[in-house]
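Subject: Structure handover

Hello,

Here is the structure we talked about. Please open it and keep it beside this message while you read the notes.

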Amino acid sequence: MQPYLTVTDRSSAEYTDRRSRFIAVVAPVASEQEALAVIREISKEHWDARHNVYAYIIREGNISRFSDDGEPQGTAGMPVLEVLRGSGIVDCVVVVTRYFGGVLLGTGGLVRAYSSAAKGAVENATIVNMEPSAECRLKCDYNRYGMISSVLAESECADINAEFSDAVDLRFTVRMCDFAQLDKKLTDLTAGSVKIEKIIEKYHPFLKK
C-alpha cells in the first residue's frame, strides 16, 4: 500500500477569455466507469455548450484518458490532463465546458484557457492524502482514559470513538507509519497494561499538509 493524493468532493472554477467561458469541474471517482458517468452528467447539463473537454486519472490499473471534444488536437484535453499530473492527484476527473464567445483564441489561447480553468478547479478542491492506515481498538480503565486520549490526539489519530462500560473501549485510526511509535508509547506509559488491537488495514484520508 502506497499513499496517494485525491480530492474529497466536487469543486469548480471559471475562466473567461474574449467572451468564451470555460467552466471546470473536478470530481472524485473510484473507477473509469464513474469517471465516464460524471462526464455524461456534465455534458448533459451543458448540452448547449460548444465543447465538454475532459481528462481523468484512475489509480487502479494506472488509467489516464482525455478528450479534446472537437477542439484542435492537443489544445484542450492534454493540457487538462497535465494539470492533473502536475497536481499529483488521482482517482479524479476534470470536465471543462466551453461556451464559445465568437472569437477564435488560437492554439496558445486555448491551451492557456483550458489549463487555467482546470487549475482553478483543482486549487479550489479539498485535497487529501490517502494513507495506509490501521483501524484499531484498545481497552483501558477510566483513570487512564484522559492520558490515552491525549496521546491519540498528539499522534494525529482519526475517527476516535469511545464507548463506556466497565472500562473504556477506544476505537481509532492511525497511519501505519505511526503505528509502531504509538504502540511503544502507550506500552511505556501504561507499563504494558494497554495493548493496541489492529482490526483492519485500509486507506484513510488525511488533509494534505
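Two rings of Phe, Tyr or Trp count as an aromatic pair if their centres lie within 6.5 Å. By that rule, the structure holds six aromatic pairs. Keep in mind that this is a predicted model.

**Aromatic pairs**

Take Tyr 15 and Phe 22 to begin with. Their pair is tilted, with 6.5 Å from centre to centre and 55 degrees between the planes. Phe 22 is buried, at a relative accessible area of 0%. Tyr 15 is partly exposed, at 23%.

What is the geometry of the pair formed by Tyr 145 and Phe 164? The pair is edge-to-face, because the planes stand at 85 degrees and the cut-off for that class is over 60. The ring centres are 5.4 Å apart. This pair links distant parts of the chain. Tyr 145 sits in helix H4 (residues 142-154), and Phe 164 in strand S8 (residues 158-164). They are 19 residues apart. Tyr 145 is partly exposed at 26% relative accessibility. Phe 164 is also partly exposed, with a relative accessible area of 47%.

**Charges over rings**

Two arginines are worth a look. Arg 59 lies over the face of Tyr 203, 5.1 Å from the ring centre. Arg 175 lies over the face of Phe 206, at 3.9 Å from the ring centre.

**Ser 133**

Both members of that second arrangement come up again here. Ser 133 touches Arg 175 and Phe 206, and its other contacts include Thr 173, Val 174, Met 176 and His 204, leaving aside residues up to four places away in sequence. Ser 133 belongs to strand S7 (residues 127-140). Is Ser 133 buried or exposed? Buried: its relative accessibility is 0%. A polar atom of the Ser 133 side chain lies 2.8 Å from the backbone oxygen of Glu 131.

**Glu 32**

Glu 32 is in helix H1 (residues 32-45). Its side chain makes a polar contact of 2.6 Å with the side chain of Tyr 56. Beyond residues up to four places away in sequence, Glu 32 touches Tyr 56, Ile 58, Ile 63 and Arg 65. Ala 113 is 81 residues from Glu 32 in sequence, and the C-alpha to C-alpha distance is 26 Å.

Best wishes

Technical notes:
Residues are numbered from 1 along each chain as its sequence is written. This is a predicted model: local features need pLDDT of at least 70, side-chain atom pairs count only at pLDDT 80 or more; totals for chains, interfaces and linings use all residues. Side-chain values use heavy atoms; hydrogens and water are left out. Rings of Phe, Tyr and Trp (its six-membered ring) pair if their centres lie within 6.5 Å; planes under 30 degrees apart count as stacked, over 60 as edge-to-face and the rest as tilted. Buried means under 20% relative accessible area, exposed over 50%, partly exposed in between (1.4 Å probe, protein chains only). Helices (H or I, at least four residues) and strands (E, at least two) are DSSP runs, numbered from the N terminus. A charge sits over a ring if NZ of Lys or CZ of Arg is within 6 Å of the ring centre and within 35 degrees of the ring normal. Contact means heavy atoms within 4.5 Å. A polar contact is a pair of N or O atoms within 3.5 Å; within protein, one must be able to donate a hydrogen and the other to accept it, and residues adjacent in sequence count only if both atoms are side-chain atoms.
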